[in-house]
Amino acid sequence: MELRQVEYFLAVVENEGINGAAASLGVAQPTISQALRGLERELGVQLFHRIGRGMVLSAAGRSMVGPSRQILRDVTAVEDLLATSDGALAGRLDIMTFPALALGPVVDLVTEFRRSHPNVSVRLGELKDESQAGSLIEDGHCEFVVAHFPLDDAGLDVVELGEQEYWLVYPPGTDVPEGTVPLSALPDIPMVFVPRGHSVANEIEESIRHAGARPRLAALSEHREARLPLVLAGIGGTLLERSIAEAARDRAVVRPVEPKVARTFGIAFDPDMLSPAGQAFVELVRARTSGDGRPLT
């Protein structure tokens, strides 16, 4: 197996086909096709199902994604290490974070890490579905995931970073008393919610129901990022992460709620899959928090 074959394989996976991979890498399509077929012959398995002009990963191909990403991560770390004259830690740190959690502690930790290890680059990717945290790490898409707890994958080590609070946000001009709004006395204003099935959405709905409130539904949005625009357009109110709600104070009516609706969040990782840069990052995280690395219950 050649490193070039591994690179081509992952490029096809990431770009969902040979055409996209060729454009991304700047090589001819036949070159990638020949490399993939050679890799399949060498391994004795079919990595992709060819369906028309499309390519779908086979079971063997899916199982190869994680190890392949780890190979490239390790090779990059070695190349960067050899390129430095002082033997300083090098490589790349891949972190995927839920959008609302990509501020605060995460930024502070990455900033401090980069100060200590300037030869390590950091990639922050978007985690769209927190339930996929375990598979993303297992498949090698990243070393770390920042998400709300608890996570579905009990096999990951986690370190708690903080708490994410949720506040009410209403369309501009909405008549809402000043101060904290009891969940049991929500204004009679339709609400915009994320459908049940999302862990945060479930907890918010349970908190409202437990308080005895039954707000009218204005809209359900699978797209979290659409909630604030829907509120600003006058569709209804919603509950948003405090950081997002406070940033919208000049455009919307924002109020805290009682009892507080909040969820802890933190960083998750597989200790057996960490690169040297990843191990150094875990040491920093644990040194700056009270986390002990044990899965939360």
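**Figure 1. An aromatic cluster of four residues in the predicted model.** Phe-113, Phe-144, Phe-269 and Phe-281 belong to one aromatic cluster, shown here in a model that is predicted. The structure has four aromatic pairs. A pair of rings is described by how far apart the centres are and by the angle between the planes.

Figure 2. Phe-9 sits in helix H1 (residues 3-15) and Phe-48 in strand S1, 39 residues apart. Phe-9 is buried, at 0% relative accessibility, and Phe-48 is buried with a relative accessible area of 2%. In the other pair, Phe-144 and Phe-281 have ring centres 5.2 Å apart and planes at 70°; because an angle over 60 degrees counts as edge-to-face, that is the label of this pair. Strand S5 (residues 144-148) holds Phe-144 and helix H10 (residues 276-288) holds Phe-281, so the pair ties together parts 137 residues apart in sequence. Phe-144 and Phe-281 are both buried.

**Figure 3. Salt bridges between separate elements.** There are 13 salt bridges in the structure. One of them joins Asp-94 to Arg-123, with the closest N and O atoms 2.7 Å apart. Asp-94 is in strand S3 (residues 91-97) and Arg-123 in strand S4 (residues 120-126), so the bridge ties together parts 29 residues apart in sequence. Is Asp-94 buried or exposed? Asp-94 is buried, because its relative accessible area is 2%, under the cut-off of 20%. Arg-123 is partly exposed, at 31%. Another bridge runs from Arg-288 to Glu-112, where the closest N and O atoms are 2.5 Å apart. Since Arg-288 belongs to helix H10 and Glu-112 to helix H5 (residues 105-116), this pair ties together parts 176 residues apart in sequence. Glu-112 is partly exposed, with a relative accessible area of 22%.

Figure 4. The side chains of Arg-242 and Glu-246 form a salt bridge, 3.3 Å from N to O. These residues are four apart in helix H9 (residues 242-247), so about one helical turn separates Arg-242 from Glu-246. In an α-helix, residues three or four places apart point the same way, because there are 3.6 residues a turn. Arg-242 is partly exposed, with a relative accessible area of 33%, and Glu-246 is partly exposed at 34%.

Figure 5. The 15 residues of H3 should span 21 Å at 1.5 Å a residue, and the end C-alpha atoms are 21 Å apart, which agrees. Ile-32, Ala-35, Leu-36, Gly-38, Leu-39 and Glu-40 are the buried residues of H3. Gly-44 follows the helix and has a positive phi, near 75°. Val-45 is in the loop between helix H3 (29-43) and strand S1 (48-51), and is partly exposed, with a relative accessible area of 35%. Together with Met-1, Leu-3, Leu-43 and Ile-71, Val-45 makes a nonpolar surface patch of about 370 Å².

**Figure 6. The surroundings of Ser-221.** Ser-221 is placed in the loop between strand S9 (217-220) and helix H8 (227-232). At 7% relative accessibility, this serine counts as buried. Leaving aside neighbours within four places in sequence, Ser-221 is in contact with Phe-193, Val-194, Pro-195, Ala-226 and Leu-230.

Terms used. Residues are numbered from 1 along each chain as its sequence is written. This is a predicted model: local features need pLDDT of at least 70, side-chain atom pairs count only at pLDDT 80 or more; totals for chains, interfaces and linings use all residues. Side-chain values use heavy atoms; hydrogens and water are left out. Patches are made of residues with over 30% relative accessible area and no salt bridge: like charges are joined within 9 Å, nonpolar side chains (Val, Leu, Ile, Met, Phe, Trp, Tyr) within 5 Å. Accessible areas come from the Shrake-Rupley method with a 1.4 Å probe; for residues, only the protein chains shown count as cover. A salt bridge is a side-chain nitrogen of Lys or Arg within 4 Å of a carboxyl oxygen of Asp or Glu. Helices (H or I, at least four residues) and strands (E, at least two) are DSSP runs, numbered from the N terminus. Buried means under 20% relative accessible area, exposed over 50%, partly exposed in between (1.4 Å probe, protein chains only). Contact means heavy atoms within 4.5 Å. The expected span of a helix is 1.5 Å times one less than its number of residues. Rings of Phe, Tyr and Trp (its six-membered ring) pair if their centres lie within 6.5 Å; planes under 30 degrees apart count as stacked, over 60 as edge-to-face and the rest as tilted.
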